[in-house]
Amino acid sequence: MMDRLRLLLPLAWRNLWRNPRRTIITVLVVSVGLWSILTFSVLLKAWSVSSRDTTLKLMTGEGQIHATGYLDDPTVAHRMTQPAGKLENILSSSAVAAYTKRLRIAAIVQSEYKTLPMTLVGTDPARERRLSVLPDRVREGRYLDGPADTGIVLGRNLARRLKTRVGKRVVVMAQDEKGKLAERAFKVIGLYAAPQQTEDQFAFTGLKTAQAFTGIGTDITEIAFVTPDSQDIADVIARMKASSPGRDIQSWKTLAPLSYAVSTFFNEFILMWLWIMFALMAIGIVNTQLMAVFERIREFGLLQALGMRPRLVLMEVTLESAMLIGVGVGLGIAMSVLSVQAFPNGIDLGFLGRGAELVGAGHILYPKVDAGDFALYSLIVWTLGVVATLWPARRASRVSPVEAMGRF
Amino acid sequence: MIRKAALILLATAAMTGLASADTTAPAPNPDALLRAAFDNWRADSSQADMTMTVHRPDWERHMEMKTWTQGDDDALVRFTAPAKDAGNATLKKGDETWVFNPKLNQVIKLPASMLAQSWMGSDFSYNDLSKANDLLTEYTHKLTGSTKDGPHTVYTIDAIPKPGAPVVWGKRTVRVREDGIMLGETYFDQDMKPVRIMTTEKVSMIGGRDYPVVMTMRPEDEEGKWTRIETKDATFNQSMPGYLFTLSNLQNPRN
């Protein structure tokens, strides 16, 4: 076997370069096809990671705990007590990396010029900081300095719409514990930058301030948490559910369905793209290989007349294709890696403006070469390519020497 | 020497003269003055026929309405003309406001989010109706000046929101005549830039008292926009039937 290979390998390699133009075209077809598959997979993966991170790291966390009914009607009527007992144990165990307690309620904010709906979030900044990036996204003024901070931090765009700014006063109205309207003046202490939808929706104040505002003592409406990478989120949630049956505990997959849909959709999309590109590549490869085989009918006849077995002819032609496609795949990988390396600081989607936010992506995508994905997709393309060329190879091995030698 | 003595005498006389002018017209208490203005305006109870003119750069419309008020808290406004608007009514009772729309035959309780919206397309908001006495309760008042206007003295009072008061304005400046006639009010934003200005354009005797019968509200930022409310007829301090400020009366008028 080794002997045969030692004979066939140089033969196949030299055969490849007997018609360099055809070989180069085929190599290009394969490499460009694979390049598009790999680059797309990297980009879409970056997009889906960005979309997930944007959502989860803004506010959502990886999971949230509410009182039953809160998600349908986010008011203080659906509040809950502070976590205690088993639930508290899980939250402070190593199964949860960080968690924050919030009082998050539908509210109305009023300035001299405008009245707008928003969501008031009372939070403890020290805890919030561990799972949300918003505390560090303050562009003007400052973030809350403690749970008793009486100031309010608005999104830039909300402040712009209200025609207010840091240092001014806004009035916030919300439903209080008795179902009446509570009103309170808040001083704007900071403005944060985030996707526009978030900027318009969320305003932050101290947890204790919000509790006093709505008159609900120490109750809260939301706990958001993140788990360490090593933990299975579904498992943690199952344990939490078991520990406190009265609460509504959900993972980000249900809380942020768009992000979840985006991440699953992209995986499917890559596979679809792979099949489409492969079909196109296969047509090109099979076509050129068939041509190559027909051109060399005389040669195959001669080889067989000289005693080469049809199986070896089949092997030789298959080896040729394997090398041909192998070179293409190698080139494709190299091109993809280079393309990804060309953006060491990520791809800034700033040119899309705020449109990119609509589909949930952050402003900068960070494409990263995933060796596993690269190996898998390359192997699929290479294997399938070789399998496709079995057809021309078989044609070559079926050549009858007599007939072939009679041809010109 | 004599001239110098004369000068000193003159100066002393002038100073005592000023001092005596101060004592003869003591600065009134701004709280009392504003309270008087509100009492003049709404009395214990009031019933009035008014017209409202909403002016915009390219159109203008007139509406007629009847209003009833009782104390600081209860108010009912019912539109009587034009036919398109007739029957629309707004009831304010305590902190709550309802509107009735005859076309829908529905009473709707206004949510807080809508209280800041325009009332019947005018430059007034529901809040202007429902929080009218905010000025008395949520602000501290300071007399900042007075001017003579014929036989009357007009006082200017700055109303600064109390700390923590749920109020968006930077301040409100109110002009009140010494007999408690509201002559104007300017709303300032927190940069002390005027946002909307209300002026009394005519004061005359109505219902047995001097009354600001024509008042105009102009938003500062928009040229050619104003709303004028003119009181045609009014009676004050008459007892109001108990059914008046009720939801049932809002929907099925008995008057």
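Mentor: Before we look at helix pairs, a word on terms: helix axes here are lines fitted to C-alpha atoms over the stretch in contact, and angles run from 0 to 180 degrees between N-to-C directions. Also keep in mind that this is a predicted model.

Trainee: Got it. At what angle do helix H12 of chain A and H14(A) pack?
Mentor: Helix H12 (residues 310-341) of chain A packs on H14(A) at about 150 degrees, and their axes are 9 Å apart. Angles over 145 degrees count as roughly antiparallel, and H12(A) and H14(A) are therefore roughly antiparallel to each other. Their crossing is right-handed.

Trainee: Which residues meet there?
Mentor: From H12(A) you have Thr318(A), Ser321(A), Ala322(A), Ile325(A), Gly326(A), Val329(A) and Ile333(A). They meet Phe374(A), Ser378(A), Val381(A), Trp382(A), Gly385(A) and Val386(A) of H14(A).

Trainee: And how many of those are nonpolar, polar or charged?
Mentor: The contact of H12(A) with H14(A) divides into 8 nonpolar, 5 polar and no charged residues.

Trainee: Okay, what about helix H2 of chain A and helix H14 of chain A, how do their axes cross?
Mentor: The axes of helix H2 (residues 20-60) and helix H14 (residues 371-388), both of chain A, come within 10 Å and cross at roughly 150 degrees. That makes H2(A) roughly antiparallel to H14(A). This crossing is right-handed.

Trainee: Who makes the contact?
Mentor: On the H2(A) side it is Val30(A), Leu34(A), Ile37(A), Leu38(A) and Ser41(A). H14(A) brings Asp373(A), Phe374(A), Tyr377(A), Ser378(A), Val381(A) and Gly385(A). By class, the contact of H2(A) with H14(A) has 7 nonpolar, 3 polar and 1 charged residues.

Trainee: Switching topic: which residues of the largest nonpolar core touch the most other members?
Mentor: That core has 51 residues, and the ones touching the most other members are Ala107(A), Leu120(A), Ile152(A), Val170(A), Val172(A) and Ala203(A). The largest share of this core, 7 residues, comes from E7(A). As background, nonpolar side chains tend to be buried together in soluble globular proteins.

Trainee: What is Leu120(A) in contact with?
Mentor: Leaving aside neighbours within four places in sequence, Leu120(A) contacts Ile105(A), Ala107(A), Val172(A), Ala174(A), Ala203(A), Thr205(A) and Ala210(A). Apart from this core lies another one, of 29 residues, including Val42(A), Met277(A), Phe374(A) and Val381(A).

Trainee: Now Pro392(A), is it buried or exposed?
Mentor: Pro392(A) is buried, because 23 other C-beta atoms lie within 10 Å. This proline is found in helix H15 (residues 390-397) of chain A.

Trainee: What does Pro392(A) touch?
Mentor: Not counting residues up to four places away in sequence, Pro392(A) touches Val286(A), Gln289(A), Leu290(A), Val293(A) and Val317(A). Then there is Phe294(A): it and Pro392(A) are 98 residues apart in sequence and 8.8 Å apart in space, C-alpha to C-alpha.

Trainee: How many residues of chain A are in contact with chain B?
Mentor: 15 residues of chain A are in contact with 13 residues of chain B. In chain A, strand E2 (98-110), strand E3 (115-123), strand E6 (169-175) and strand E7 (181-192) each supply at least two residues of the side that touches chain B. That side of chain A divides into 7 nonpolar, 3 polar and 5 charged residues.

Trainee: And what helices and strands are in chain B?
Mentor: Chain B has 6 helices and 13 strands. Of its 255 residues, 29% count as buried.

Trainee: What about the phi of Lys163(A)?
Mentor: Lys163(A) is not a glycine, yet has a positive phi of about 55 degrees. Lys163(A) lies in the loop between helix H5 (156-162) and E6 of chain A, and is partly exposed, with 15 other C-beta atoms within 10 Å.

Trainee: And where is Asn237(B)?
Mentor: Asn237(B) lies in the loop between strand E13 (226-236) and helix H6 (247-251) of chain B. Asn237(B) has a positive phi of about 55 degrees, and counts as exposed, with 12 C-beta neighbours inside 10 Å.

Conventions
Residues are numbered from 1 along each chain as its sequence is written. Chains are lettered from A and ligands numbered from 1 in the order in which they are written. This is a predicted model: local features need pLDDT of at least 70, side-chain atom pairs count only at pLDDT 80 or more; totals for chains, interfaces and linings use all residues. Helices (H or I, at least four residues) and strands (E, at least two) are DSSP runs, numbered from the N terminus. Angles under 35 degrees count as roughly parallel, over 145 as roughly antiparallel, 65 to 115 as roughly perpendicular and the rest as oblique. A crossing is left-handed if the near helix is turned anticlockwise from the far one by less than a right angle, and right-handed if clockwise. Two residues are in contact if their C-beta atoms, placed from the backbone, lie within 7 Å. Ala, Val, Leu, Ile, Met, Phe, Trp, Tyr, Cys and Pro count as nonpolar, Asp, Glu, Lys and Arg as charged, and the others, Gly among them, as polar. A residue is buried if 20 or more other C-beta atoms lie within 10 Å of its own, exposed if 12 or fewer, and partly exposed in between; C-beta atoms are placed from the backbone. A nonpolar core is a set of buried Ala, Val, Leu, Ile, Met, Phe, Trp, Tyr and Cys residues joined through C-beta atoms within 7 Å.
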